[in-house]
Amino acid sequence: MLERIKVFTGNATPDLATKICDSLVIPLGKANVTTFSDGETRVEINENVRGMDIFIIQSTCTPVNVTLMELLIMIDALKRASAGRITAVMPYYGYARQDRKVAPRAPISAKLVADLITAAGASRVLSLDLHAGQIQGFFNIPVDNLFATPVLLAYLKEHYQDNLVMVSPDAGGVERVRAFARRLDASIAIIDKRREGPNEAQVMNIVGSVEGKNVVILDDMIDTAGTVVQATKALRNAGANEVSVCCTHPVLSGPAMDRIENSEIREVIVTDTIPLHERAKASNRISVLSVAGLLSEAVRRIYYNDSVSSLFIP
């Protein structure tokens, strides 16, 4: 029985938190996360948490600074209420792309966020498909970085089994694509690209054969969709029958939806680590898969101090 567990959420991913609680057959914790009139975050925990095992479900997605502060203040409030252990469940880890210095005098914001979460009082972190695996080393507390692979693979096996090529949009994603291709009995290809500036990508050429094939571009996230749209154009020019996109985190900022709607992308497969905004919800090209089952199983195992290693399927 999950007698000593409490699951709370901020305003970033309430629907996902509800699904996780439904899967665990426990009620969502009672908390009010609002703002004062001057914009400061206000948190009220409305039930006893003394000695409890606490899980806070909160992606640090748009508006990133607001959702991050909600998480930090909730951790502090629960720690001061004598919670036994506090796990920050961050399906999407904001600032993850700022994981190293790319220019002189640039910050490493992913490390700063890790320090803030630790200083606030988190006992451990549970995340999903971190943009850079080395972020786990930014923490001095345990970090479990799960992968959405089982959820995405199940969908691809059902809908994309025939004549398939898995494509990595850059050299950094080759290992992920190779793992998917092995399980789907598919071949792989790589997009060679060069970035002209922030949030812009220029597709150069394709390494591998895609002519006459059904192609799925695999990435960890879609932000402004510049990379995947240009990659789709290059793949179609190279003779691909159809092109779909599969990713874990649907950031979909700025011109992303305009680009997707005006492209030749057949389908964009995403998960619910980040809630879709209204225009994305209305699009018939976007299919959303839930990671609630995966995260709820991880929460259950952490609560019982069981191993979660079998959930680490890259």
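Helices (H or I, at least four residues) and strands (E, at least two) are DSSP runs, numbered from the N terminus. This is a predicted model, in which local features need pLDDT of at least 70 and side-chain atom pairs count only at pLDDT 80 or more, while totals for chains, interfaces and linings use all residues. Residues are numbered from 1 along each chain as its sequence is written, and side-chain values use heavy atoms, with hydrogens and water left out. The points below cover a sheet, a hairpin, a pocket and some backbone features.

**The five-stranded sheet**

- Five strands form an open sheet in the order S1-S4-S5-S6-S7, with parallel pairing; two strands pair if DSSP finds at least two bridges between them.
- Strand S1 (5-9) and S7 are the edge strands, and each pairs on one side only.
- On average, neighbouring strands of this sheet are turned by 20 degrees against each other, direction ignored; the axes are lines fitted to C-alpha atoms, for helices over the stretch in contact, and angles run from 0 to 180 degrees between N-to-C directions.
- Strand S5 (residues 85-90) runs parallel to S6 and is joined to S6 by four bridges, with Val89 opposite Leu126 in S6.
- Strand S6 (residues 124-128) in turn pairs with S7 in the parallel sense over four bridges, and here Val125 stands opposite Val143 in S7.
- In strand S7 (residues 143-146), Val143 and Asn145 point one way, Asp144 and Leu146 point the other way, and all are buried; buried means under 20% relative accessible area, exposed over 50%, and partly exposed in between (1.4 Å probe, protein chains only).

**The hairpin**

- Strand S2 (residues 31-35) and strand S3 (residues 41-45) run antiparallel and are joined by five bridges, with Ala31 opposite Ile45 in S3.
- The two strands S2 and S3 form a hairpin with five residues between them, and Gly39 in the turn has a positive phi of about 100 degrees.

**The second largest pocket**

- The second largest pocket has a volume of about 470 Å³, where grid points are joined across faces, edges and corners and a volume is the space filled by probe spheres set on the points.
- A pocket is found on a 1 Å grid over the protein atoms alone, as an open set of points where a 1.4 Å probe fits, with protein on both sides within 12 Å along at least five of seven lines; lining residues have an atom within 4 Å of a point.
- Of the 21 residues that line the second largest pocket, Ile274, Pro275, Leu276, His277 and Lys281 are the closest to its centre.
- Helix H1 (14-24) and helix H8 (278-282) each supply at least two residues of this lining, and the largest share, four residues, comes from H1.
- The second largest pocket lies between domain 1 (5-146) and domain 2 (149-194 + 201-290), because both give residues to its lining.

**Backbone features in loops**

- Most residues other than glycine have a negative phi, and most peptide bonds are trans.
- Thr62 and Pro63 are joined by a cis peptide bond, with omega about -5 degrees; Pro63 lies in the loop between strand S4 (53-57) and helix H2 (64-80).
- Asp129, in the loop between S6 and S7, has a positive phi of about 50 degrees although it is not a glycine, and counts as buried at 9% relative accessibility.
- Asn163 also is not a glycine and has a positive phi of about 50 degrees.
- Asn163 sits in the loop between helix H4 (149-159) and strand S8 (164-168) and is partly exposed, with a relative accessible area of 35%.

Notes
Domains from an automatic or database assignment.
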